[in-house]
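Please open the structure in your viewer and keep the selection tool at hand. The tour below moves from one selection to the next and says what is to be found at each stop.

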Amino acid sequence: MEHFRERAASLVVDAVAGMGSKTALQAEKPPEGMGDFAFPCFGLAKELKRSPAELAKSVAASIAPDPAFSAAEAKGPYVNFRIHPAELAKATLGAVMGLREEYGNAEPTGKRILLEHTSANPNGPLHVGRARNPIIGDTLARILARCGNDVTTEFYVDDMGKQQVTLTWGVENLKHPGEAPKKPDHALVWYYQEASRLMAEDPRILEQIDAMISTYEKKDSAIAERVRKNCQRVLEGMTASLYRLDIHFNSFAWESKYIFDGSVDSVLERLRKLDSTAEEDGALYLDLERHGITGQERKFYLTRSDGSSLYSTRDMAYHLDKLSRYDRAIDVLGEDHRLKAKVVGIGTKLLGQDKPVEAMFYSFVSLPEGKMSTRRGTVVYLDDLIEEGVARAREEVDKRRPELSEELKRGIAEAVGTGAIRYNIIRVQAEKQLVFKWEEALNFEGNSAPFVQYSHARASSILRKATEFGEYDPALLVHPSETALIMGIARFPSVIRECGDSMQCHPLALYALELASLFNQFYRDCPVLAVEGELRNARLALVTASKFVMLNALDTLGIVAPEEL
RNA sequence: GGACCUGUGGCUUAGCUCGGAUAUAGCGCUGGCCUUCUAAGUCAGAUGUCUCGGGUUCAAAUCCCGACAGGUCCGCCA
């Protein structure tokens with residue numbers, strides 16, 4: 001596709017040069033039925049003082065004939081190119097058949113990227129608000145990997161915060177009234193909620209917890225041990241939930257490590273020497289005024305009066321460590337972290353690290369009745385969403401495919417239920433606020449994962465019934481539905497690249513939907529198994545290619561593509 | 001009060017980086033399509049002051065300024 005675009009652009013440049021201008025016209029997508037690339041002539045018209053429509057005509061007339069295009073003509077003030085369908089079919093199908101699962105992948109960049117995501121406080125199970133992070137993070141990791149990078153994913157475990165100490169206090173001082181749930185994150189969250197409640201009521205409990213924190217920060221390894229043990233258990237529960245969504249981490253980084261190994265101390269020592277930092281009552285702060293942040297936000301504290309470190313300071317130590325080991329460090333963060341991330345980046349830069357701290361942000365998911373809060377228990381847990389999704393998918397499978405084996409039905413239900421959840425989160429721009437609604441989160445039709453999975457299954461079904469096919473002639477694929485589908489397939493590599501460059505996932509979800517829709521139109525218009533001879537071979541090749549690209553798109557979204565639905 | 005993000009048919013949403021020809025799709029609504037490779041599909045139709053007001057431009061959903069609404073942050077918490 002890019003090849004054709006560049007070819008068209010260069011033909012236009014040549015034609016325009018003949019008219020005495022060096023302006024490079026930008027190709028854009030014309031409306032339906034007007035060809036494949038359009039070059040507007042308004043800018044050129046101004047330069048040459050001629051009317052755009054008249055100019056388009058003379059540009060079109062002086063374009064050299066090229067086998068890649070079946071037409072290059074003026075349409076009003078535009079010069080429109082139509083790609084030769086046979087040429088497009090040949091180039092596109094050839095590429096997919098050669099690369100198969102790798103089609104769409106970019107050349108290796110040689111870059112090592114550390115992608116930090118999820119990093120949820122281990123004080124209870126993941127809820128659907130927090131779930132936006134791992135789903136975006138994992139999808140972005142898959143996109144960046146297909147963009148040719150060597151990607152490592154990491155979960156930063158906050159085992160030093162008040163929330164974790166509160167949880168530990170609860171576990172050590174309270175007794176669960178009934179039978180605790182089996183899954184460790186669900187078992188432990190009660191202690192956190194109950195301890196938070198008691199702490200708010202009884203100042204003596206608050207004192208005890210504060211005392212634990214203070215001892216902990218003086219590098220008390222016994223307390224560290226106790227807190228970490230509980231974090232570890234909650235973490236096991238979280239990773240089990242994410243495992244079901246096919247989300248895994250290459251590594252875990254523990255916040256306390258950076259305290260105990262002295263790296264936070266050394267960071268503080270170096271920060272203290274900077275002109276940008278100052279002290280107030282013994283507390284060190286970064287003056288952000290010269291970094292364009294004014295007003296009440298300008299003093300950003302790095303330590304308390306007693307010299308102990310704060311969260312963002314430890315985060316600087318962590319990011320310096322990441323940047324020293326990788327070419328790029330990217331964080332997936334909730335929008336509440338915007339200022340903190342900016343300051344961490346300022347800090348690492350001041351300490352001589354020129355690589356930026358890159359981040360992408362998402363807005364929160366709320367419930368129709370308001371915000372989600374683990375402490376207050378006003379949440380929908382990710383585990384419940386997955387259970388419900390898979391159960392509803394199972395009902396559909398039972399209804400539609402009663403003849404399938406139990407094993408197949410179970411597999412399809414799992415793929416559809418979890419796929420629908422991932423797709424629903426990723427399909428919208430990350431910066432948009434989301435209100436969680438069951439019927440949207442578990443949508444199985446229209447703009448959804450099952451829609452794409454269904455098209456993939458249709459393709460698989462055709463190929464299952466076809467005998468082997470050998471040579472095919474792409475030039476036979478000239479039906480408008482075939483050409484449109486091939487055009488869609490040809491776009492995949494640039495969609496992947498665009499997502500990687502802009503660190504956005506939703507264009508890929510929308511692309512997968514479009515491709516599936518194009519396949520459905522082809523399916524409607526062009527019988528495959530019922531036609532004879534050469535055309536059948538060519539269409540089987542197109543079905544094969546479509547299946548690979550739907551598979552690759554779904555795989556990049558972390559969604560399973562079953563052979564049957 | 002200051003800073004950042006978001007505002008597109010009844011609902012959800014793409015397009016905004018890089019201004020161009022009829023503003024994208026889904027849900028819902030109206031009416032069609034299963035002796036034809038899986039109807040979780042498909043076709044047709046209705047539904048839009050692109051939050052509002054200015055400005056720049058031959059041309060603004062898109063760029064600039066100002067309002068308004070929702071979210072987030074502004075703690076020696078995380």
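Begin with helices α6 and α9, which lie roughly perpendicular to each other, because an angle of 65 to 115 degrees counts as such and their axes cross at roughly 95°. In this predicted model, α6 covers residues 162-173 and α9 residues 221-244, and the two axes come within 9 Å. To see where they touch, show the side chains of Q164, V165, L167, T168, V171 and E172 in α6, which meet R226, V227, N230, C231 and V234 in α9. By class, this contact has six nonpolar, three polar and two charged residues.

Next, select the open sheet of three strands, whose order is β7-β8-β9 and whose pairing is antiparallel. Strands β7 (277-280) and β9 (299-301) stand at the edges with a single partner strand each, so one side of each is left without a neighbour in the sheet. Strand β8, residues 283-287, pairs with β9 over three bridges, and here you can pick out D287, whose bridge partner in β9 is K299.

Finally, turn to RNA strand B and the 69 residues around it, of which Y78, S305, R400, Y454 and S461 come nearest. The residues of this surface divide into 29 nonpolar, 14 polar and 26 charged, and its largest share, eight residues, comes from α17.

- Q433, with a polar side-chain atom 2.8 Å from a base nitrogen of RNA strand B.
- C526, with a backbone N or O atom 3.1 Å from a base nitrogen of RNA strand B.
- L565, with a backbone N or O atom 2.6 Å from a base oxygen of RNA strand B.

Conventions: Residues numbered from 1 in each chain as written. Chains lettered and ligands numbered in written order. Predicted model: local features only at pLDDT ≥ 70, side-chain atom pairs only at ≥ 80, totals over all residues. Heavy atoms only, no water. Pairing = 2+ DSSP bridges. Helix = DSSP H or I, 4+ residues; strand = E, 2+ residues; numbered from the N terminus. Axes fitted to C-alpha atoms, helices over the stretch in contact; angles between N-to-C directions. Parallel < 35°, antiparallel > 145°, perpendicular 65-115°, else oblique. Contact = heavy atoms within 4.5 Å. Nonpolar A, V, L, I, M, F, W, Y, C, P; charged D, E, K, R; others polar. Near = heavy atom within 4 Å. Polar contact = N/O pair within 3.5 Å; in protein donor to acceptor, adjacent residues only side chain to side chain.
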